[in-house]
Amino acid sequence: MVPLCCPIRFVLDILIDLIGNIIDTEEGLNACILGIGNLGRAIVRYFSGKRTKLSIVAVFDTNSDKIGNIYHNATCYHVDDMAKVIKETREPLTEGDYQ
């Protein structure tokens with residue numbers, strides 16, 4: 001358990017490491033992030049290049065100012081396009097696809 005007095009950066013590092021340990025796989029994994037606010041950007045930034053078999057392929061948000069922007073090689077789409085984008089990015093990764 002994390003003490004309540006810990007700085008937010010320390011808590012984020014623990015959270016990100018925990019998520020990474022859970023979702024890293026030998027086969028490789030395409031992932032999407034829902035919400036590209038402060039926490040979403042921190043997660044995308046951290047995982048970009050740090051997990052050799054995890055590729056964040058898309059991010060989703062409702063903010064029109066963020067749609068179309070690229071966050072560490074992941075394009076931001078409107079949440080209404082989520083089903084279509086996920087379907088298009090479900091292909092398994094090959095060795096050359098890892099970030």
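## Exercises on a predicted model

Lys66 is buried, its relative accessible area being 17%. The exercises below concern a predicted model.

**Exercise 1.** Explain why Lys66 counts as buried, then find where Lys66 lies and what the Lys66 side chain reaches.

Solution. 
1. The cut-off for buried is under 20% relative accessible area. Lys66 has 17%, so Lys66 is buried.
2. Lys66 belongs to the loop between β2 and β3.
3. The backbone oxygen of Ile36 is reached by the side chain of Lys66 at 3.2 Å.
4. With neighbours within four places in sequence set aside, the contacts of Lys66 are Ile36, Gly37, Arg41, Asp61, Tyr71 and Cys76.

**Exercise 2.** Determine how β4 pairs with β2 and with β3.

Solution. 
1. Take β2 and β4: they pair in the parallel sense, over four bridges. In this pairing Phe60 stands opposite Tyr77 in β4.
2. Take strand β3 (residues 70–71) and β4: their pairing is antiparallel, over two bridges. Here Tyr71 is the residue opposite Ala74 in β4.
3. Look at the connection: β3 and β4 form a hairpin with two residues between them. In the turn, His72 has a positive phi of about 50°.

**Exercise 3.** State how many aromatic pairs a search of the whole structure finds, and classify each by the angle between the planes.

Solution. 
1. The search of the whole structure gives two aromatic pairs.
2. One is Tyr46 with Phe47, at 5.5 Å centre to centre and 85° between the planes. Planes over 60 degrees apart count as edge-to-face, and this pair is edge-to-face.
3. Another is Phe60 with Tyr77, at 6.0 Å centre to centre and 40° between the planes. This pair is tilted.

**Exercise 4.** List the buried residues of helix α2 and describe what comes just after the helix.

Solution. 
1. Helix α2 covers residues 38–47, and Gly40, Ala42, Ile43, Val44, Tyr46 and Phe47 are buried there.
2. Just after α2, Gly49 has a positive phi of about 85°.

How values were computed
Residues are numbered from 1 along each chain as its sequence is written. This is a predicted model: local features need pLDDT of at least 70, side-chain atom pairs count only at pLDDT 80 or more; totals for chains, interfaces and linings use all residues. Side-chain values use heavy atoms; hydrogens and water are left out. Rings of Phe, Tyr and Trp (its six-membered ring) pair if their centres lie within 6.5 Å; planes under 30 degrees apart count as stacked, over 60 as edge-to-face and the rest as tilted. Buried means under 20% relative accessible area, exposed over 50%, partly exposed in between (1.4 Å probe, protein chains only). Two strands pair if DSSP finds at least two bridges between them. A polar contact is a pair of N or O atoms within 3.5 Å; within protein, one must be able to donate a hydrogen and the other to accept it, and residues adjacent in sequence count only if both atoms are side-chain atoms. Contact means heavy atoms within 4.5 Å.
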